[in-house]
Amino acid sequence: MGQIYGSMQSNMAEVFGNRRKRRRSTDSQSSQEDRDRERLDSKSPKKKKLLTTTQYIYQALFKEQRNSDVAVMALDKVWHLHKVYLSQSPYFYTMFNGTWKEAKQNFVHIKILDDRINVDSLDAVFGSMYSDEIEIDAKDVIPVLATATLFHLDGIIDKCAEVMVDTINAETAIQYYAAACQYGVMAVKKSTFQWFQINLLSIYNKHPNLLRHITIDLMSALTASHDLYVMQTEFSLYTLLRTWMFLQLHPHYDPEDPVQRAEALKTQERLVSAGVETHTPSGDVVQWTYFTSRMEERSFLATPEGQPYVRVFQKLRTQYLTNHYMDLKIIFNDNIIPKEWLYKHIHSHWDALLRIDHSQEDGGLQQLDNEQFFENCMRCGRMLLEPGYQKWRWTGFNYGMDLILIMDSRRLNIRRHHRHEHERVLSLQTRRKFMIRTTVTSINAQRQPVFTQSSEITTLNLEKNEEVSLMVLDPKLVHPLLISINMIVVMPPNQSFKEIVPQSEDTTLSAAAIPISEIGAVCERSLTPTNSADDSAVCVGGGDSPETASTPSSPTSVAGLRPPVGRYSWTRSNPVITSDGEALCRDVAC
């Protein structure tokens, strides 16, 4: 045993000894390789990061303008450039390679006729031809777009379009739309128009100094659009148009100016002291006075001042302005829309109501094609800021149907409400038919549409108190949500009479017309919906308060305006006419 143990010990010592030798040999070899590598590194040249070719070209040829073969002058500035790079532009390619005199010259003078183009935009576009990228800020995007359009640089135009679509908001939308129309950028035109459809009534009624810059062409197109989100009813759109028209007629007045607001408040106090109840916010007193103080019987649209705005009001769904008693009184007081239009609507409403009551087939609603539906449908809208159970109705006479919208979790329902405690004129017919389309849009912080879900045009035939589902919301729809309802309850009347605006109106009213003309005599409702409440939409039950449909404050002082005269009578209690009041209301029939 002792021999075996000694042999094993000897073998183990030999094995470990060999391992130590190999380790020392390996370490020695690694150290030698490191020393060799260091020696080679010390002999090889140090690497230095150089400018890329693109950066070198941009710096040497554009910034330092070396070896220039052509000088380009525009807006009193000269750039020393290179024809080979400028020829990337079809504008310069044709100039340098055709029979133009500039092809043989080394100096080009470009006359800039577009006011949107400036020196900075020219410099940016010229520089982009020497580089593979261009940085465009939102504040500079329109001048760069104008310059790129001049030189036919499609790549830069597309880049500008991307920047514009991403930065559409209340302040940029009007400028972007105008630029897109001028330079033919259809993607931007489509996106900005869609933004206007969603935000016109919910944003610009709070920003009158932005509202006044919307052109007649754009406002006409928006008013005609069936995809316009009308918050709350068509009457809200009417009040917005009234304010917009007033602001355009008085471009020098600032309704947001504190001095003018204070003056408007004083004007209202003087009117109240004189016994004249304006029933309107102080900021809108001047607007109210302007339209109601005209002594002419003809409508404002029939006057030379109103003629440019006729086509906008022709696109307004005026048939839905006459289904609420107080709305109708305000509209007659304003005397903007021709009375003949309103009389025609009242006649067609009464005719439809009699047909429904008589249970005639053609008195009810027949199937309409999509074009007929979209041209004549009622437009109503609402914003839901937070999830939860909510229900509401849009007020106004709806031919005996009380329709309630209900948002319950992720489902939007409609109910034909029929309860005796509801003090409205209700149809006793067992079933009533109507057509409806629903659209729901989710918006981001810039109020740009993130996701939109629309239903097909559906014909519903509801019994009393029957409730049906309009839409199950897609999971991509997140609050805040904008809801738009398009609906037709009776067969739409012929609207061809709106093609004519009477230049004069008969001041001798028949016996049948007297009650209608007196609608504008004494108005108990605010002539303009206030910023705190609006009865166009009414919450039912435990729902949230309705979205406010307010009209922007109007200019607060207009030289030469008179208070209402002759045509209107005003109730007052215990009037005390001061000297100011006498001067202010000298011609008012109190």
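Ser442 counts as buried because its relative accessibility is 1%, where buried means under 20% relative accessible area, as judged with a 1.4 Å probe and the protein chains only. This is a predicted model, in which local features need pLDDT of at least 70 and side-chain atom pairs count only at pLDDT 80 or more, while totals for chains, interfaces and linings use all residues. Residues are numbered from 1 along each chain as its sequence is written, and side-chain values use heavy atoms, with hydrogens and water left out.

Ser442 belongs to strand E8, which covers residues 431-443; strands are DSSP runs (E) of at least two residues and helices are DSSP runs (H or I) of at least four, both numbered from the N terminus. A polar atom of the Ser442 side chain lies 2.7 Å from the backbone oxygen of Val478. When neighbours within four places in sequence are set aside, the residues in contact with Ser442 (heavy atoms within 4.5 Å) are Gln448, Pro449, Val450, Phe451, Leu477, Val478, Pro480 and Leu481.

## Helix H14

Helix H14, spanning residues 285-292, is mostly covered, with eight of its eight residues buried.

## The protein as a whole

The protein has 20 helices and 13 strands, and buried residues make up 47% of its 590 residues. Of the contacts between residues at least 6 apart in sequence, 72% join residues at least 24 apart. The protein exposes about 30,600 Å², of which carbon and sulfur atoms supply 51%, the areas coming from the Shrake-Rupley method with a 1.4 Å probe.

Conventions:
Buried means under 20% relative accessible area, exposed over 50%, partly exposed in between (1.4 Å probe, protein chains only). A polar contact is a pair of N or O atoms within 3.5 Å; within protein, one must be able to donate a hydrogen and the other to accept it, and residues adjacent in sequence count only if both atoms are side-chain atoms.
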